[in-house]
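Hi,

Here's the structure I promised to pass on.

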Amino acid sequence: MTLPNGPQTPRVLRMMKFVTRPLDYLEDYYQRYGDFIRIGKSATPLVYVNHPAAIEKIFTANAEQFRTGNAGGVLLFLLGNNSVFMVDGERHERQRKLLMPPFHGERLKTYNQLICEITKQVMSQVKIGQPFRVRALMQDITLRVILKAVFGLTEGERYEQLRHLLSAMMESIGSPLAATLMFFPSLRQDWGEWSPWGRFLRYKQQADEMIYAEIRERKQKNDFAGDDILTLLMSARDETGEPMSETELRDELVTLLIAGHETTASSLTWALYWTHYLPEVKDKLCFELANLGENPHLGEIAKLPYLTAVCNETLRIYPVTLTSGVRVLKKPLELGGYSFETGTVLFPCTYLVHQREDIYPEPKKFKPERFLQRQFSPYEFFPFGGGHRRCIGSAMATLEMKIALATILSDWQLKLPHHKAYKPVRRGLTLSPPAQLSLVAVNRLN
Ligand code: HEM
């Protein structure tokens, strides 16, 4: 059976709503079309998949079933065509194998102390009584952490410049207005450094120059003793014994730098927002943390059940990416009784599944307890996607959320200056808390 047509709204109007009101866009269509939303009338439409059984079929299918897409070209332009995001088949498998170990198992534990120290360092800028913008500060934390993981850098001129450039580059395409560039390629015009696209291009070029300079310097020094990811990638050889080219190295590094801090900063900001918006959540969390006693082992913090539930609920209610990465069919596939042809573009829709009333009663309410009362399957709860493309940094991201949140709550008494319900806004291809979301320090506890 063929999936019936979805919305008939003209493309420009539809896209405008998708860019400016992404949650309404998805929810309105879900009300009308349910588990599968078909966009476009061609034989190979774009389809949002909103049912766990269909998501399971996608996430457990053989990798050969799909190829990746390039999200309107911006992702390809930003990350480059050698990025693990962009490649398929054996090459994709090989790159994942190379990149997984630094973000898992024993290696992950080495980041505990680093995350805690960087959180304290960044938070020390906060002044009692002066509101601060939460996302900017959380982004500072996550960017410093990923720079250390990727380059082994925590200080020096190049580190400072890269930190500034990456931040400025993402900021230049981060506002909801600039995000329009992502979805309307004709607006991507370089009208000088004052135009949004022109500014982005200049930052990107400068950041690339810095990264190439770091790669060349390492090569010259012939120094492969570090345990950072650049060292690991420079030591790797392909099946013919060749090392990665400078362009391949650059693409992989930029991918990790961007994917590894933007998303985590948004999630951490939401976690802080919810804990201060709902005092009972904060009280329970502080009680759990206090029970660990003075100077708890950081490894114990990461295992706390209520803290874990708060982080999961944060990622459920407003997932940073509305959907998992795109899956383009390389062979026909049947889902939910519908047959989809080669070329169909599938989006497992994280947001709509996370909002299903039958899985999450009262889905609009932030209730960490639901994660203590029930275990959700990886097809009901998938903020990090799934299957052969599941996020490489999921363990690192959750660790970062937990350690940073616990450190901030233990060291500071904060409050929201305005008890206001915030909704996500578009930030490039992701969703984020609004930039103006602020907290104010009432007291310093540690
Ligand atoms: C809260 C934070 C994060 C969220 C919500 C998130 C979410 C995601 C999602 C939804 C995907 C697509 C998965 C799919 O299509 O099935 C993905 C892929 C990816 N993520 Fe993350 N991510 C986060 C943090 C990180 C971090 C910290 C890193 C690196 C250190 C990272 C690196 C990657 C990479 C390299 C991929 C591409 C995987 C592939 O195509 O094989 N992410 N992420």
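Let's start with a pair of helices: the axes of helix H8 (residues 134–151) and helix H13 (residues 246–259) come within 9 Å and cross at roughly 155°. Helices here are DSSP runs of H or I with at least four residues, numbered from the N terminus. The axes are lines fitted to C-alpha atoms, for helices over the stretch in contact, and the angles run from 0 to 180 degrees between N-to-C directions. H8 and H13 therefore count as roughly antiparallel to each other (under 35 degrees is roughly parallel, over 145 roughly antiparallel, 65 to 115 roughly perpendicular, and the rest oblique).

By class that gives seven nonpolar, no polar and no charged residues. For the classes, Ala, Val, Leu, Ile, Met, Phe, Trp, Tyr, Cys and Pro count as nonpolar, Asp, Glu, Lys and Arg as charged, and the others, Gly among them, as polar.

Before you go further: this is a predicted model, so local features need pLDDT of at least 70 and side-chain atom pairs count only at pLDDT 80 or more, while totals for chains, interfaces and linings use all residues. Residues are numbered from 1 along each chain as its sequence is written, and side-chain values use heavy atoms, with hydrogens and water left out.

Now on to H20, which spans residues 394–411. The axes of H20 and helix H17 (residues 305–317) come within 10 Å and cross at roughly 120°, so the two are oblique to each other. This crossing is right-handed. H17 brings Leu307, Thr308, Val310, Cys311, Thr314 and Leu315 to the contact, and H20 brings Thr398, Met401, Lys402, Leu405 and Ala406. Those residues divide into seven nonpolar, three polar and one charged.

H20 also packs against helix H15 (residues 279–290), at an angle of about 95° and with the axes 10 Å apart. That makes H15 and H20 roughly perpendicular to each other. Here Lys282, Leu285, Cys286 and Leu289 of H15 meet Leu405, Ala406, Leu409 and Ser410 of H20. The classes are six nonpolar, one polar and one charged.

While you're at H20, look at Ser394, which lies in this helix. Is Ser394 buried or exposed? Its relative accessibility is 7%, so Ser394 counts as buried (buried means under 20% relative accessible area, exposed over 50%, and partly exposed in between, with a 1.4 Å probe and protein chains only). The side chains of Ser394 and Arg390 are joined by a polar contact of 2.9 Å. A polar contact is a pair of N or O atoms within 3.5 Å; within protein, one must be able to donate a hydrogen and the other to accept it, and residues adjacent in sequence count only if both atoms are side-chain atoms.

Over in H17 you'll find Glu313, which is buried with a relative accessible area of 0%. Its side chain has a polar contact of 3.1 Å with that of Arg370. Not counting residues up to four places away in sequence, Glu313 touches Lys365, Phe366, Lys367, Pro368, Arg370 and Phe371.

Asp228 sits in the loop between helix H11 (196–221) and helix H12 (229–235). At 8% relative accessibility, Asp228 is buried, and a polar contact of 3.0 Å links its side chain to that of Arg218. Leaving aside neighbours within four places in sequence, the contacts of Asp228 include Val150 and Phe151.

Two residues with positive phi to finish. Asn295, not a glycine, has phi near 45°; this residue is in the loop between H15 and helix H16 (298–303) and is exposed, with a relative accessible area of 74%. Glu362 isn't a glycine either, yet its phi is about 50°. You'll find Glu362 in the loop between helix H18 (350–354) and helix H19 (370–373), partly exposed at 36%.

Cheers

Definitions and conventions:
Contact = heavy atoms within 4.5 Å. Left-handed = near helix turned anticlockwise from the far one by under 90°.
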